[in-house]
Amino acid sequence: MTLVELKNVSKSFSKGDETITPLDDVSLQIDEGEFVSLMGPSGTGKSTLLNLVSGIDRPDSGTIIVDGTEVTRLSRGQLADWRAANLGYIFQTHNLIPVLTAYENVELPTMLLKLTRAQRRQRVELALEAVGLADRSDHYPRQLSGGQEQRVGIARAIVAHPKVVVADEPTGSLDTQTSEQIQSLLQRLNRELNITMLMVTHDSDVAAIASRQLVLDRGKFIESQTATV
Ligand SMILES: Nc1ncnc2c1ncn2[C@@H]1O[C@H](COP(=O)(O)OP(=O)(O)OP(=O)(O)O)[C@@H](O)[C@H]1O
């Protein structure tokens, strides 16, 4: 079943007199449960694509459908609610709030969901368990290692039980060993929780953990190869 669909999507930006068109009439289908990696030269529009899929930005033309919802038709207010319930976003730098504990950072996005306090607590505990940090819930970001901070960022992305998670260079700031741990974690979330993943990376070894590897170049997708991992 197709979970994410982009149909003839274009996006341009104006920079002074110049117009940049990172995405030029692109179409893409991602099936439920797929793990798709996206590589491509710097400035080709990979982050732009993630922002469009997650409804942070809007295309100039074209349609984006995620799990049956035409994201491109939602109003700004509807988008915020839709995103909180349906989509997780993992950043290169985890963007944790330093004055909140790991638990409170993960809890934050659940405030936008209609949940009781008990349901909220259960979701946060489950998410921290899924990333192996149940015993660090009352630690502040400064008391955690880089890898642990990224795992809190991942727990925050999955706490609402989204079907889709987008990740923008999730291992970009980590050393090799920590990067490998995060790669295994992303694979496990994809396989065990059936979370559909769309991950941007500059590292071909990281891209290889995906079940489908795409390259974005000059406004178009090129199917790279299907990994067998
Ligand atoms: N809000 C914006 N306003 C103006 N230009 C933008 C905006 N967002 C992105 N761009 C431009 O669009 C192009 C694509 O940017 P994007 O960040 O999507 O590339 P990328 O492939 O993710 O790059 P990188 O690999 O370096 O992260 C770039 O030329 C960028 O400067």
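## Briefing: fold, sheets and ligand shell

Among contacts in the protein between residues at least 6 apart in sequence, 68% join residues at least 24 apart; here two residues are in contact if their C-beta atoms, placed from the backbone, lie within 7 Å. Keep in mind that this is a predicted model: local features need pLDDT of at least 70, side-chain atom pairs count only at pLDDT 80 or more, and totals for chains, interfaces and linings use all residues. Residue numbers start from 1 along each chain as its sequence is written.

**Overall build**

- The protein has seven helices and ten strands, which are DSSP runs numbered from the N terminus (helices are H or I, at least four residues; strands are E, at least two).
- A compact globule of 229 residues would have a radius of gyration near 17 Å, and the protein agrees, with 17 Å. That radius is taken over C-alpha atoms, and the globule rule is 2.2 Å times the number of residues to the power 0.38.
- Along its principal axes, the C-alpha trace spans about 50 × 40 × 40 Å.
- Of the 229 residues, 38% count as buried. A residue is buried if 20 or more other C-beta atoms lie within 10 Å of its own, exposed if 12 or fewer, and partly exposed in between, with C-beta atoms placed from the backbone.

**The open antiparallel sheet**

- Four strands make an open sheet in the order β2-β1-β4-β5, with antiparallel pairing. β2 (18-31) and β5 (69-70) stand at the edges with a single partner strand each, so one side of each has no neighbour in the sheet.
- Two strands pair if DSSP finds at least two bridges between them. β1 (residues 2-15) and β4 (residues 61-66) pair over five bridges, in the antiparallel sense, and L6 stands opposite I64 in β4.

**Helix α1**

- Helix α1 (residues 46-53) lies across β1, β2 and β4, and runs at about 125 degrees to β1. For such angles, axes are lines fitted to C-alpha atoms, for helices over the stretch in contact, and the values run from 0 to 180 degrees between N-to-C directions.
- Six of the eight α1 residues are buried, so the helix is largely enclosed by the rest of the structure. The buried ones are K46, T48, L49, L50, L52 and V53.
- After α1 comes G55, with a positive phi near 75 degrees.

**Around the ligand**

- The shell around the ligand consists of F13, K15, I20, P22, G40, S42, G43, T44, G45, K46, S47 and T48. The cut-off for being near a molecule is a C-beta atom, placed from the backbone, within 6 Å of it.
- β1, β2 and α1 each supply at least two shell residues, and α1 gives the largest share, three residues.
- By type, the shell divides into three nonpolar, seven polar and two charged residues. Ala, Val, Leu, Ile, Met, Phe, Trp, Tyr, Cys and Pro count as nonpolar, Asp, Glu, Lys and Arg as charged, and the others, Gly among them, as polar.

**Strand β8 and its parallel partners**

- Five of the five residues of β8 (residues 196-200) are buried, so the strand is largely enclosed by the rest of the structure. Both faces are covered, with T196, L198 and V200 buried on one side and M197 and M199 on the other.
- β3 (residues 35-39) runs parallel to β8 and is joined to β8 by four bridges; L38 stands opposite V200.
- β7 (residues 164-168) also runs parallel to β8, with five bridges, and D168 stands opposite V200.

**K220**

- K220 is found in strand β10 (residues 220-225) and is partly exposed, with 14 other C-beta atoms within 10 Å.
- The C-alpha atoms of K220 and V159 are separated by 33 Å, the two residues being 61 apart along the chain.
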